Amino acid sequence: MLRITELKLPLDHTEQELAELICGYLKVAADDVRGFTVFKRSYDARKGVMSLVYIVDVDVANEDKLLVRFKGDRRVMPAPDTNYYYVAQAPETLKQRPLVVGFGPCGIFAALLLAQMGFKPIVLERGKEVRQRTKDTWGLWRKSELNTESNVQYGEGGAGTFSDGKLYSQIKDPRHLGRKVLTEFVKAGAPEEILYIAKPHIGTFRLVSMVENMRAEIEALGGEIRFQQRVDDLILDNGQVRGVRLADGSEILSDHVVLALGHSARDTFQMLEKRGVYMEAKPFSIGVRIEHPQSLIDQARWGKYAGHPILGAADYKLVHHASNGRAVYSFCMCPGGTVVAATSEEKRVVTNGMSQYSRNERNANSGFVVSISPEDYPGGPLAGLDFQRELESKAYELGGGDYFAPAQLLGDFMAGKASTQLGSVEPSYKPGVTMTDLARILPDFCVEAMREAIPHFARQIRGYDLQDAVLTGLETRTSSPLRITRGDDLQSLNVKGLFPAGEGAGYAGGILSAGVDGIKIAEAVAQAIVAGR
Ligand code: FAD
């Protein structure tokens, strides 16, 4: 198979034109090409002309001769092998089943891979199965009723279930593990296009049924998923984990425990600290969600091509390095989506964003956040949690209770005055917003850096500084505020058999990277079991 990169065609081209371009580039007859697959499709809007840019893998006659002919052409090369190969197989007599705590993307992939290698994992998930969890989550959005064990953060599918389902990441991935994640998603019902478009997304509805299908596969391979089973303690023996203790007091023994907790398992982090598991504070970011009309973003990004079906709703990615040393950036942008209430704790307000596959809601939203570091919240590994909690409680109070979020018009935020009414942009956050002054609860250095960033962002996205754009707060759970540090064997630095994984442990940020980390962890667990470690 040959790979050709940078094949460019206009937006409205046919499949035949792509085939002709391939033959033309390779200078071969159409009959010589047995078939081709699109490995990646992105777009290029330079010089005001929108084009689609392809990387294709071509099955062609006389491949070796072509490789010689195109030697020195960096656009033609042998297609790399992106297949996944298992690193171990469970012994016939498996003495103990590994435990996976948490069934978010990281736990799902850890369990799936362990099951595929024959290790029959037991998954312990504190929340409920995804359909029931969906009802509970809507309970907060529609009726201001929070279930602290079944919500946006906790339950089958993990934190990204009610999301835009963006599936890209900037992690280094020399083994193409991201491809394995995407391939499994497609098997579970995701659209095939996620395998080749540059910035794929799935949207909430599809994620729900995909998660159920992945659960079914794990079970069919001998794994087990137990819901409403919160791990409240570790059983330790001289620096070796021997199992876990559940909220109901029962114990499950295993010398191999994956902790795929997500960034919101604050009670579990506290337990780990009490048990002496090595952790350290790490940087994260805080800020607000910003909402603009999606049509404004489409116009700014696509110009005359706005509304073209192949482009869909436009996204953006913005960064500004402020003069006070802070990075201000857009986070988890959701085109055509809604801002959601994402708390897992009572009397706290946290924002995030989600969308459906169609991305056809009126507004675009994204986190508008500022980097912070452990110097901003000194006091040990858990100090970041306290910092988040304090901000989330202040947001609840400023919102006026009942999980209403404090909100402000961008124009008022820039002018340093409280908002009293909405303008042309209707915020999507439910149960509702209270217009106020967000600078009252954000640290001064954030406010300063955010105000400085706005004109810079508006230079990249015309209209970003729209006076009526709505800021809703607070965005505090951008990533884990701590790291459960692991060694080269992917085990905790000081507890053998404990495998901290995914976003909560500080080793992933987003669905794809959490899935990839789940695969790596499954491999490490499998290799440790096979080696008798
Ligand atoms: P999680 O998904 O958080 O899963 C952890 C699981 O562990 C949870 O189900 C929790 O209930 C369980 N758990 C915790 N403690 C215990 C315990 N003691 N016992 C048993 N179970 C426990 N990322 C993207 O890439 N694209 C997006 O579009 C996107 N949108 C998002 C939208 C929202 C609203 C949110 C909240 C997040 C979004 N993210 C998105 C981030 C993404 O969801 C996370 O990065 C990802 O889910 C992390 O995966 P994880 O498996 O490490 O942790």
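Analyst: A residue counts as buried if 20 or more other C-beta atoms lie within 10 Å of its own. Keep in mind that this is a predicted model.

User: OK. With that cut-off, how many residues of α12 are buried?

Analyst: 18 of the 20 residues of α12 are buried, so the helix is largely enclosed by the rest of the structure.

User: And what is its span from first C-alpha to last?

Analyst: Helix α12 covers residues 511-530 and reaches 29 Å, close to the 28 Å expected at 1.5 Å a residue. Just after α12, G532 has a positive phi of about 70 degrees.

User: Switching to the overall layout: how is the protein divided into domains?

Analyst: Domain 1 is 2-78, domain 2 is 99-280 + 482-530, and domain 3 is 283-376 + 386-475. The centres of domain 1 and domain 2, taken over C-alpha atoms, are separated by 38 Å.

User: Which domains each give at least three residues to the shell around the ligand?

Analyst: Domain 2 and domain 3 each do.

User: Which residues come nearest to the ligand?

Analyst: G104, G158, G160, G262 and G502, out of 44 residues around the ligand. By class, the shell has 21 nonpolar, 17 polar and six charged residues.

User: What about secondary structure elements that each supply at least two residues of that shell?

Analyst: Those include α3 (105-116), β17 (351-354) and α12.

User: Now β19. Is it covered on one face or both?

Analyst: Both. A405, A407 and L409 are buried on one side, and P406 and Q408 are buried on the other. That makes five of the five residues in strand β19, which runs over 405-409.

User: Why does the list skip every other residue?

Analyst: Because in a regular strand the side chains alternate between the two faces of the sheet.

User: Which strands does β19 pair with, and in what sense?

Analyst: β19 pairs with β20 (residues 433-435) in the parallel sense over three bridges. Three bridges also join β19 to β21 (residues 470-475), and that pair runs antiparallel. As for individual partners, A405 bridges to V433 in β20, and Q408 bridges to L471 in β21.

User: Last one: what does UniProt list for residues 283-478?

Analyst: An unreviewed UniProt entry lists them as "domain: FAD-dependent protein C-terminal". Over that stretch the chain is 25% helix and 27% strand, with the end C-alpha atoms 10 Å apart.

Notes. Residues numbered from 1 in each chain as written. Predicted model: local features only at pLDDT ≥ 70, side-chain atom pairs only at ≥ 80, totals over all residues. Helix = DSSP H or I, 4+ residues; strand = E, 2+ residues; numbered from the N terminus. Expected span 1.5 Å × (residues − 1). Buried ≥ 20, exposed ≤ 12 C-beta atoms within 10 Å, placed from the backbone. Domains from an automatic or database assignment. Near = placed C-beta within 6 Å. Nonpolar A, V, L, I, M, F, W, Y, C, P; charged D, E, K, R; others polar. Pairing = 2+ DSSP bridges. UniProt positions renumbered as here; feature names shortened; annotations may be inferred.
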